[in-house]
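The structure comes first, and the notes follow by topic.

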Amino acid sequence: MADFSGLLSGRTNWRREFAAPLRAFLRTEAGSSGVLAGAIVLALLWANLAPGMYDDFWRTEFSLGLGHDHLSLDLREWINSGLMTLFFLVVGLEARREFDLGDLRERSRFVLPMLAGVAGMIAPVLIYLAFNAGGPGSHGWGVAMSTDTALALGLLALVGRGVPDRVRIFLLTVFVVDDLLALVVIAVVYSDDIKMMPLVLAIAAFAVVLVLSLLRVRKAWVYVILGVLMWSALLTSGVDPVVAGLAIGLTAPAYSPGREELEEATGRFRLFREQPTPELARSATIGLTTTISPNERLQYLYHPWTSYLIVPLFGLANAGVTIDAAFLGSAYTAPITLGILIGYVVGKPLAVTSVSWLLERLTRGRIRAGVGWAAVAGSGTIAGIGFTVSLLIATIAFDGRQLAEAKVGLLSAVIVASALTWLVFRAAKLLSPPKRAYALLGDAEQLVDLTEPVDPERDHIRGPENASVTLVEYGDFECPYCGLAEPVVRDLLRDDDLRYVWRHLPLSDVHPRAQIAAEVAEAAGEQGAFWEMHDLLLANQDKLQPADLMGYARQLGLDADRLHDDVKRHVAAARVAADVESADTSGVSGTPTFFVNGQRHYGAYDVETLKQAIKVARARAKITAHRGG
């Protein structure tokens, strides 16, 4: 059988799916975790099979010079302080995107992950200090506080198979706070011999970046120069220069452009198509580029590189530790190893779960996690995986045997935290389906993306009106992807607890016959044959000329003269425009776009993917009904 999965994720776009909060991010992070794990294993093998060669290679000096000035760092420092700046740029971009487009756009939803993230850092640090206070390892408390986003999400995909996306999203919102605070700690605590003039220069460069961002200046080379200046000044000042990446990432706005901007970009491209001159080519390029937010462009450029190359390279350069039985025996009794291990596998889950429970009780349910108790507990246990930022701090705070003990603690925490997470979600799977749904999804009210609720008096509905799940599609009768989605929808409608709603979104700038087709369908609806005409139009997308449309009316036994008159007078134009307006306010990017119980469905729209989304929505609906009862 042919594989249509690629086709069934396509859309005719006004724009890319900028509002897709986290799905692409999650896929990249989860996929790259395997590469990172492989790099860690390779580093351990290299360090144990050729320990001298491993250390000598990463201590190799590499210099950049211009005239009499030059910058010389060893390879490990270039990775830790140079390339990792791009990793923290992506962290800053993701944090900003969450605030602009994700769940945190409703600021009250930031309270719980913020407090859980803070507590999830304080508790492991206190445990670490309980083992190390007053000892030689006490200054390394920062190693025991930060979760590794990429590795945690990847291992969650492995040990928590079948866990809903909502669980991963909750986990990532906690990680955002975690990463931001970890960078503050690096800048404040683990930077020494600070020189004020270079620091002032770095702050001034950042102020210029901030002003330019507010003025929506789009000259990439300006930001590159200012970014390099910030990085160099911070390096000279004694503050870890990776902070520059985080700061710049937070200034990059994420937004979904309006239809007017997209239609303007289409117009510029058409002008270029008619007269391909360099001036019009530049105008078309600028028009297309400005419809995409700086945040989206930077993530598209850097995220794959940081996830699949830079972070694994960081792991390869830093995870190597020579292991033998004698060393392991002493390491597992060393305060540094025990403080890190117990801090992560006990402190993290204890903090995340207790803060979530306490906030819900104190606010009487007004602030609660967007997931169930099992998901909160599993998020707490998987947050016990600390590697990238923790190892970065370890290389600053320790050396020699202490650094080796810290690495053992971090690697051991990865194994134990993964096992605990598997046990949590395994226990949830043993529950009955209703209890399992409640344990994973919880009963918190979800954000609704569909701004115009379904109205049985106005909307076109297939299926029982009292169904617990409603699937809304914004479609275009000339869109080929809508034609591919139609048999999928037919398959889904075998479900007797599902109602389906079609709303018009004719993309007239790319599909010139879509508007008249929509009006013909509405005119047929006035004669009681909307769905019959809907089916014919999608089955004959290449035959939507006026003569074809009138032929379909006669084929359905409609009053063709009445239909012709209604379409000629644009009787249904206002009805179609109302659907388009609701698409605009709901942030719809193209066709087909689906909403399941008011929440935007992202990604593929094959049968199995949509069935899974419907299954989750039905479980949530039952939980809501039970709570209401």
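The lining of the second largest pocket takes at least two residues from each of β2 (61-66), β3 (69-74), α3 (75-100), α8 (220-237), α9 (242-251), α11 (278-290) and α12 (294-318). The model is predicted: local features need pLDDT of at least 70, side-chain atom pairs count only at pLDDT 80 or more, and totals for chains, interfaces and linings use all residues. Residues are numbered from 1 along each chain as its sequence is written, and side-chain values use heavy atoms, with hydrogens and water left out. Helices (H or I, at least four residues) and strands (E, at least two) are DSSP runs numbered from the N terminus.

**Second largest pocket**
- The second largest pocket holds about 1300 Å³ of space, and among its 39 lining residues A220, Y223, V224, G227 and Y302 are the closest to its centre.
- A pocket here is an open set of points on a 1 Å grid over the protein atoms alone, where a 1.4 Å probe fits, with protein on both sides within 12 Å along at least five of seven lines; lining residues have an atom within 4 Å of a point.
- Grid points are joined across faces, edges and corners, and the volume is the space filled by probe spheres set on the points.
- Helix α8 gives the largest share of the lining, seven residues.
- By class, the lining has 22 nonpolar, 12 polar and five charged residues.
- In these classes Ala, Val, Leu, Ile, Met, Phe, Trp, Tyr, Cys and Pro are nonpolar, Asp, Glu, Lys and Arg are charged, and the others, Gly among them, are polar.

**Helix α14 with α17**
- The axes of α14 (residues 335-362) and α17 (residues 400-429) come within 8 Å and cross at roughly 25 degrees, which means that α14 is roughly parallel to α17.
- Axes are lines fitted to C-alpha atoms, for helices over the stretch in contact, and angles run from 0 to 180 degrees between N-to-C directions.
- Angles under 35 degrees count as roughly parallel, over 145 as roughly antiparallel, 65 to 115 as roughly perpendicular and the rest as oblique.
- The α14 and α17 crossing is right-handed, a term for a near helix turned clockwise from the far one by less than a right angle.
- Residues of α14 in the contact (heavy atoms within 4.5 Å) include I336, I340 and Y344, and those of α17 include Q402, E405 and L420.
- This contact has 12 nonpolar, four polar and one charged residues.

**Helix α16 with α17**
- The axes of α16 (residues 388-397) and α17 come within 10 Å and cross at roughly 170 degrees, so α16 is roughly antiparallel to α17.
- This crossing of α16 and α17 is right-handed.
- S390, L391, A394 and T395 of α16 meet L403, A406, K407 and L410 of α17, giving five nonpolar, two polar and one charged residues.

**Helix α4 with α14**
- The axes of α4 (residues 111-132) and α14 come within 7 Å and cross at roughly 150 degrees, so the two helices are roughly antiparallel.
- Their crossing is right-handed, and the contact of α4 with α14 has 22 nonpolar, six polar and one charged residues.

**Backbone features**
- Most residues other than glycine have a negative phi, and most peptide bonds are trans.
- R216, not a glycine, has a positive phi of about 60 degrees and lies in the loop between α7 (196-214) and α8.
- The peptide bond from T591 to P592 is cis, with omega near -10 degrees; P592 is in the loop between β7 (590-591) and β8 (593-596).
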